[in-house]
Amino acid sequence: MGVGTWRRCGAAAVVAAAGIGILGAGPATADHPGDRDCSDFAHQEDAQAWLDAHPGDPDRLDADDDGLACESLPDRGGAPAPTPVPTPAPDCLWGAIEDRYAGTGGAGGSLGEVVQCQTPTPVEAGEYAHFRGGSIHRSDSTGAQFTRGAIREKWAATGWESGRLGFPATSDTATPDGRGWYTHFQDGSVYFSPSTGAHFTAGAIRGEWASHGWEAGRLGFPATDDTPTPNGRGWYTHFQGGSVYWSPATGAHTVAGGIRDAWAKQGWEDGPLGFPVEDEHEGDQGRTVQQFQGGYISYAPADGARTTLAEWLPDE
């Protein structure tokens with residue numbers, strides 16, 4: 001385990017006592033998202049606390065997606081549980097991180113108990129603190145923001161604030177359609193849904209996706225991270241409803257539907273067509289057309305896709 005990992009984990013005894021692993025080891029079995037169901041809880045309030053602490057509901061405790069976990073379970077004493085009073089932060093937190101922690105409910109909220117006290121970050125003027133259920137990071141330019149669950153794990157895998165995404169610029173936030181969660185960072189975003197997991201997207205690919213409506217648009221949630229193409233000449237991200245490909249020569253463009261299928265069969269960007277140079281548009285006779293470096297593909301539902309390579313195009 002490298003120095004950076006130990007910096008994140010703090011004292012090994014503290015982490016072990018908290019029953020979680022940070023960066024190195026996985027969480028204890030009893031506290032592992034995805035391993036629980038309603039039979040593991042005696043009261044609805046207990047299941048609700050677990051749901052609130054794990055964005056995206058990996059255990060599917062909220063069967064009807066109304067925000068309430070295990071509604072068939074009895075509550076305590078036949079009355080709704082009282083609203084928890086925010087627990088004061090311990091003496092090892094201060095300033096914006098202490099305020100953010102208190103705003104989540106302190107030790108009784110979704111972040112839980114402190115497992116690593118406030119510590120300076122190795123980059124920029126910032127600090128961070130780790131908790132049983134997540135982390136809070138602060139910088140002068142972003143303020144104090146919390147990350148949890150799969151989004152936090154994905155960000156950690158990219159190098160935390162020292163990696164390509166930088167500091168979080170928002171806290172974990174539910175998507176407007178309620179189907180997932182996201183966090184925006186200084187240099188990109190991480191999006192999560194139960195069906196796709198957590199993936200990051202940045203730069204021109206993220207800009208192209210945003211122009212099509214983010215996760216609510218045609219492309220849906222990202223199904224992969226931003227990934228270099230096998231030939232090393234560009235990057236791509238696959239989404240639920242298509243793909244975005246980028247190269248320095250062509251920029252970022254969306255490929256979807258029958259055109260994407262035909263392009264994939266010919267070898268993607270490594271085939272004779274190369275990278276897309278534009279998004280698809282309506283052509284003649286009701287066909288959808290998209291230009292690539294080496295030609296174009298047209299598509300109509302009635303007769304499928306037709307590829308025309310550049311060597312067969314008439315001279316202008």
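These are legends for close-up views of a predicted model.

Local features are kept at pLDDT of at least 70 and side-chain atom pairs only at pLDDT 80 or more, while totals for chains, interfaces and linings use all residues. Numbering starts from 1 along each chain as its sequence is written, and side-chain values use heavy atoms, with hydrogens and water left out.

**View 1. Two disulfides turn up in a search of the whole structure.** The criterion is a pair of cysteine sulfur atoms within 2.5 Å. Counting bonded cysteines along the chain, the pattern is 1-2, 3-4. As a reminder, a disulfide is a covalent bond between the sulfur atoms of two cysteines.

**View 2. C38 and C70 form a disulfide with sulfur atoms 2.0 Å apart.** C38 sits in the loop between helix 2 (12-18) and helix 3, and C70 in the loop between helix 3 and helix 4 (95-103), so the bond ties together parts that are 32 residues apart in sequence. Helices and strands here are DSSP runs numbered from the N terminus (helices H or I, at least four residues; strands E, at least two). The S-S torsion of C38 and C70 is about -90°, so this disulfide is left-handed. For exposure, buried means under 20% relative accessible area, exposed over 50%, and partly exposed in between (1.4 Å probe, protein chains only).

**View 3. C92 and C117 form a disulfide with sulfur atoms 2.2 Å apart.** The torsion about the S-S bond of C92 and C117 is about -75°, so the disulfide is left-handed. The pair links distant parts of the chain, 25 residues apart: C92 belongs to the loop between helix 3 and helix 4, and C117 to strand 1 (residues 114-120). C92 counts as buried at 19% relative accessibility; C117, at 34%, is partly exposed.

**View 4. Strand 1 meets strand 2 (residues 126-131) in an antiparallel pairing over four bridges.** Pairing is called when DSSP finds at least two bridges between two strands. Q116 stands opposite H130 in strand 2. Five residues lie between the strands of this hairpin, where E124 takes a positive phi near 55°.

**View 5. Helix 3 (residues 44-53) is mostly covered, with seven of its ten residues buried.** Go looking for Q44, E45, A47, Q48, W50, L51 and A53: those are the buried residues of helix 3.

**View 6. Four strands make an open antiparallel sheet in the order 9-10-11-12.** Its edges are strand 9 (227-228) and strand 12 (251-255), each pairing on one side only. Strand 9 pairs with strand 10 (residues 235-239) in the antiparallel sense over two bridges, and T227 faces Y236 of strand 10 as its opposite number. Helix 6 (residues 203-211) lies across strand 10, strand 11 (242-247) and strand 12, running at about 45° to strand 12. That angle is taken between the N-to-C directions of axes fitted to C-alpha atoms, on a scale from 0 to 180 degrees, with the helix axis fitted over the stretch in contact (heavy atoms within 4.5 Å).

**View 7. Q285 has a positive phi near 55° without being a glycine.** Q285 is found in the loop between strand 13 (281-282) and strand 14 (288-292). With a relative accessible area of 78%, Q285 is exposed.
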